Amino acid sequence: MASESSIMNNNLVEKILIYGILLFWTFICLFPIYWTATTSFKTAASVTQGLLIPWVDFEPAWKGWKNLGLSPDTIFTESNPREEFFARFFNTALISSSASALAVILGSFAAYGLSRFNYKFGFMRNPDISFFFLSQLILPPVVLALPLLVLYRELDLLDTHIGMIMIYTLTVLPIVIWIMRDQFNAVPIELEEAALVDGASVWVSFFRVVFPIVLPGIASAFILCLILCWNEYFLAALITSTDAKTMPVMVASQISSQSIKWWNMAAISLALCFPLIVVAIFLERYIVKGMAAGAIKG
Amino acid sequence: MNEIKIVERDPLYVVSQSSVNPKTIRTGKLIVWASFMLMIIIGTVQGLYTFEKINFGFSNWRPLLYAYILWAVAIGYSRVLIYGERGKRNLFVFPAVMFIISIVIFPILFGLYISFSDWNLSSIDGRKFNGLDNFYQMLADPYYWNSLKNMIYYILAVLVEFVIAFLLALLLNTQIRGRKFFRIAFLIPLMLSPVAVSWMVGKSMLEQRFGPVANFARWLGWDTPTFFSNPEIARLTMMCMDAWTFIPLMIIMLLAGLQALPKEVLEAAKVDGANKWTMFKNIIFPIMLPVSLTTLVIRIIFKLKLADIIIIVTAGGPGGATDSVTSFIVREYRDRSNVGYGTLLSFVYLVLIIIFMTILIRFVNRWLQRAA
């Protein structure tokens, strides 16, 4: 009897410990977002006192959002910061989604080819070609950055959407190939052989038979690419200046210039992160699937 | 020798009649050569125009890019014309290869060429070849070596991140309520832009007068919580911020590995009366070894690119204590806009990375083989 209750106690202690650690880490993960969200509603006085809880410690105001032109009383009026913000938002969305789409198309084709046919380009066989693609992953952006900067200047691609899309496609292409290779390897070849025996060409069988099966895999590859491109700062800071400037660059330039307006910066940082937080909440399954694909297969 | 030989039987094997007539083969070869010649002509004209040998040409090099694209398309199309069904298979891999060649191989060759020159983008003189001067300058540049040394510290920090991530993945894998909530919450730091993290955490929460972390540190008894003035503490702070962003990635990969563990083995061990620690040490950890090593390698790859938060939060300070190689090169470029020297530094970094990764992967493979 006594031993049974001690086991119960042990279990209880263990449960508390597990949930304690998990909740503690949840707090660490979410507190910065909470802090930023509340700061965007603070006035100067409540920022410098480091107050934490709205309505209890301080009275929330629309201060940060008003400067951005997104508060209830300014949303229907003309606002330059808002125009600027949405222009950057549009740039980021356009560049990252086009780059991800392009990478997914190029990467899926390449991964499919490598999983189905034996190639021989010069001395390169399939494993060499795979390695050639995946080795791009360890290439740090800084190595390409300066030559590309000079090259883009000559090609008149500096500060253009096309130039940004091309370089972003490159940075995420190896990740797509990595994920999609496993996806295609998991599709039984007999399905396509049946289609080919019926007289379809390889491309028709790819689109009719294989594509629908790997669609979830493609979705997770696309979302992962989108996240990486959306947040990319380093290359954008070098290549863009006005026309194709993305949101991270805009936010970063404000960090150095107006560090005093805490509420303003909080609002704009939150606006930068908000779309991806929504993506994380609703599409978590796909994100996890994409990352896990790399881990299991190795 | 016009045919690409099928080396072995393809995994997806199709019997296709190759009824290609010589006329289409000739057309195929013709369009490749025609577009190639067009590219050469445009390149030559533009080259002569740039060096002021002739007085007509384009305002920039972009036509050469169009010619390259045309050439690539022509090669792709000619494969189908010449090899028929077999050519269509090449089209799967071909676009990606041409894309990477244009945007990686070409810039790298170009970068090698400019790394041996004294080229200041803002000066009018343009590029001057200076041989190995940049290399000697690098050998005598204490800040570059300092940033390499910092990278070693940053990479060693990955081990600590790994321990934390493994613990959290183990906890997430137990029977708990609200696992989906925890998973999403743990994932969120990875979603945040490094720029936003730099502001939210680096500039705002670590603010020494009223930032919540500083207040907390004061409450713990640290009188003057400054996170960026002492070199060691500044580096530690940057490590923590980077860890905060990337631990989710490791958790997800490790969790995927844990969920794929063979259930029967774990059950059998439990029946044999193994306690939690021996089970972890003798069963879970050995089986997880491949996944763990993959996770570590991927995390190190991302760590080698570390730059954004450093550029924004500390700009390498104090005195270069937090510099990563990338942030140092960027500063070198921004302050002196010397493309030549910066490019050389980045190429040396690339060579070091390749050596390091080769050794690391060989080491990992050997370890896996011994374990198996």
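**A helix pair in chain B**

In this predicted model, α9(B) and α11(B) cross in a right-handed way. To find them, look for residues 231–259 of chain B, which make up helix α9, and residues 276–304, which make up helix α11. Their axes run 9 Å apart, and the packing angle is about 160°. Angles over 145 degrees count as roughly antiparallel, so α9(B) is roughly antiparallel to α11(B).

Which residues of α9(B) and α11(B) make the contact? On the α9(B) side you'll find Phe246(B), Leu249(B), Met250(B), Met253(B), Leu254(B), Gly257(B) and Leu258(B). Facing them from α11(B) are Met288(B), Val291(B), Ser292(B), Thr295(B), Arg299(B) and Phe302(B). Sort the residues of this contact by class and you get nine nonpolar, three polar and one charged.

Now zoom out to where the two chains meet. Here 86 residues of chain B are in contact with 86 residues of chain A. On chain B's side, helix α3 (residues 85–114) gives the most, with 15 residues. That side of chain B divides into 60 nonpolar, 15 polar and eleven charged residues.

Finally, turn to chain A by itself. Its domain assignment gives domain 1 (1–31), domain 2 (40–78) and domain 3 (80–297). The centres of domain 2 and domain 3 of chain A are 36 Å apart, taken over C-alpha atoms. Between these two domains, ten residues of domain 2 are in contact with ten of domain 3. Helix α3 (residues 63–68) of chain A gives the most to domain 2's side, with five residues. By class, that side of domain 2 has four nonpolar, four polar and two charged residues.

Terms used:
Residues are numbered from 1 along each chain as its sequence is written. Chains are lettered from A and ligands numbered from 1 in the order in which they are written. This is a predicted model: local features need pLDDT of at least 70, side-chain atom pairs count only at pLDDT 80 or more; totals for chains, interfaces and linings use all residues. Domain bounds come from an automatic or database domain assignment. Two residues are in contact if their C-beta atoms, placed from the backbone, lie within 7 Å. Helices (H or I, at least four residues) and strands (E, at least two) are DSSP runs, numbered from the N terminus. Ala, Val, Leu, Ile, Met, Phe, Trp, Tyr, Cys and Pro count as nonpolar, Asp, Glu, Lys and Arg as charged, and the others, Gly among them, as polar. Axes are lines fitted to C-alpha atoms, for helices over the stretch in contact, and angles run from 0 to 180 degrees between N-to-C directions. Angles under 35 degrees count as roughly parallel, over 145 as roughly antiparallel, 65 to 115 as roughly perpendicular and the rest as oblique. A crossing is left-handed if the near helix is turned anticlockwise from the far one by less than a right angle, and right-handed if clockwise.
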